[in-house]
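The following paragraphs lead the reader through one protein structure. They begin with a single residue and widen the view step by step.

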Amino acid sequence: QSKYFIASVSAEGLNLNEKMNETITYKDQPITGTNRVIRTYPFVLDEMGGDVYCINVVLQGIEDSGKQVTLSAVAKPSVPINMTIKNAQEWNAVMEKYGDSFGNFVLTGDIDAKTLPAGTELIDDVRINSLSSMGGQTFAIKNITHRADSRSNALISNCLSRIENVNFENISWKVPGKDQDGRLSSYENIGLVGLNQGTIENVSFSNIEIDGGKGTRTGCIAYNTGNLTDIKLKDIKVSSEGSYTGGLTGYTQLEVNRITAEGDLKASQSGQDSTEYESTYEITGRLYVGGIIGSGRVCDSVRVSGIRVMGDDFGTGETVSQIGGMVGNGNVPQAGDSPTENEEKYSSIVNSVIETKDTIAKAEYIGGAAGNGSVYHVKAENLVVRSQKGTKVGGLNGQAYSYKSSLTTSDNGEYEIKQSEITGEEFVGGVSGRGYTSSVTVSRTRIQALKAYAGGITGVNYSSNSSDLADSVWVKAPQGAG
């Protein structure tokens, strides 16, 4: 029977023997297939990231050195291996070694990019298993200006398990409009977190600006296949000429819960027929554009205030489609299992503008809460929803079903918008441009179709409405007003 000794041991490409300055070959401990040899590498707990490793062991023949056997296995320590990072300098030192290792990183202080030497940037495009703050505290990653000529799309390109108790502050993130050869470039998953496959909770994003160029899926968390909950957004600006653009996430596969989105809305100028607005929270895109989500579902105590969502074709002449205050394409579903629970977990959007640029050629599915999607238990106050070239424009959704939701004008003296107004070219409704409703209320709202078909509840039905109330509404259209 052949006898072997352990020639080398490596984990995730790191030669453990070399790290230990190992010189003993253990030829005096031959392996024949039934005996065991145990080796311990204690330094791994301090110096390697990740909590799952690919281990490779090379066995070499004792009698015949030409014989080699390589064994591979996946190892998972019983206790997660965490690496602590206290400042921006340590972030760069750790990420230079382990930024591609899917490690577990714990912040013990703020990661402030301004403290780095001139000409040095915070290392980005890292892949992590988890990121959190030490001992229940909350530390920040902040003051980052991402170069437009960089090839990376995200600060954290991939999160496998968890990000929690971390704030992202004062970050400008842009991708180049053209590649190195001068051709127009297109990117995917552009944001501070490119892809989330785990859970992100108790996290805030404030004073963030993201320009996705012509990229697909753009937002603070560009693409989500995991869980997003208890997240605060304040003063967010996201723009993309591609599809799927949102303040929080461009595209999510799973429902997003308990999100707060807040901006400072101001009237920039007033004309004879309309008032122009600007906000510290603005989301701009052409296809699937939402104040929180470009495409997906958002529910359970969502609060939106003082934001502006803009549909723009960026001079292409293509149709602008599915623009919403909360979600562009997708639903605001029921939040609980019982009527009482649903009502307690209602969502709201107030003092906000959802509109399309006047210079566009055509637009469709523009809504106060959802562009194209059903809404349940949504309370809306003091909204401006308008699209001069838009068809299927609604105070709550452009198209689909609405249940136990409302739109009104409140006399709240803190709101910049003094009158709820819904305006479109055709098929314009106080609740839905095209849809059907149950137990909805519209009051103190102005509704206008510039071409045809405006209604206090819907612009046009595709099923029957029931138990609805329109009170103190103003409806106007050259044809089909009711």
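In this predicted model, T199 has a relative accessibility of 15% and therefore counts as buried, the limit for that class being under 20%. T199 lies in strand β12, which covers residues 199-211. Once the neighbours within four places in sequence are set aside, the contacts of T199 are with S161, R162, I163 and N227.

S348 belongs to strand β29, formed by residues 347-356. Its relative accessible area is 11%, under the 20% limit, so S348 is buried. Apart from neighbours within four places in sequence, S348 is in contact with V302, R303, V304, M326 and K379.

The view may now be widened to the whole protein. The protein contains 4 helices and 40 strands. Of its 482 residues, 54% are buried. Among contacts with a separation of 6 or more, 79% are between residues 24 or more positions apart. The accessible surface amounts to about 20,700 Å², and carbon and sulfur atoms account for 43% of that area.

One of the helices, α3, spans residues 88-98, and its buried residues are A88, W91, N92, V94, M95 and Y98. An α-helix has 3.6 residues a turn, so residues three or four places apart point the same way. At the start of α3, a side-chain oxygen of N87 comes to within 3.2 Å of the backbone nitrogen of Q89.

How many cavities of 30 Å³ or more does a search of the whole structure find? The search finds 1. The largest cavity has a volume of about 40 Å³. Its lining consists of C299, D300, P333, Q334, A335, N342, K345, Y346, S347, Y376 and H377.

C299, one of these lining residues, has a relative accessibility of 1% and therefore counts as buried. Another cysteine, C220, counts as buried because its relative accessibility is 0%. For a disulfide, two cysteine sulfur atoms must lie within 2.5 Å of each other; by this rule, the count of disulfides is 0.

Notes. Residues are numbered from 1 along each chain as its sequence is written. This is a predicted model: local features need pLDDT of at least 70, side-chain atom pairs count only at pLDDT 80 or more; totals for chains, interfaces and linings use all residues. Side-chain values use heavy atoms; hydrogens and water are left out. Buried means under 20% relative accessible area, exposed over 50%, partly exposed in between (1.4 Å probe, protein chains only). Helices (H or I, at least four residues) and strands (E, at least two) are DSSP runs, numbered from the N terminus. A polar contact is a pair of N or O atoms within 3.5 Å; within protein, one must be able to donate a hydrogen and the other to accept it, and residues adjacent in sequence count only if both atoms are side-chain atoms. Contact means heavy atoms within 4.5 Å. Accessible areas come from the Shrake-Rupley method with a 1.4 Å probe; for residues, only the protein chains shown count as cover. On a 1 Å grid over the protein atoms alone, a cavity is a set of points where a 1.4 Å probe fits but cannot get out, and a pocket is an open set with protein on both sides within 12 Å along at least five of seven lines; lining residues have an atom within 4 Å of a point. Grid points are joined across faces, edges and corners, and a volume is the space filled by probe spheres set on the points.
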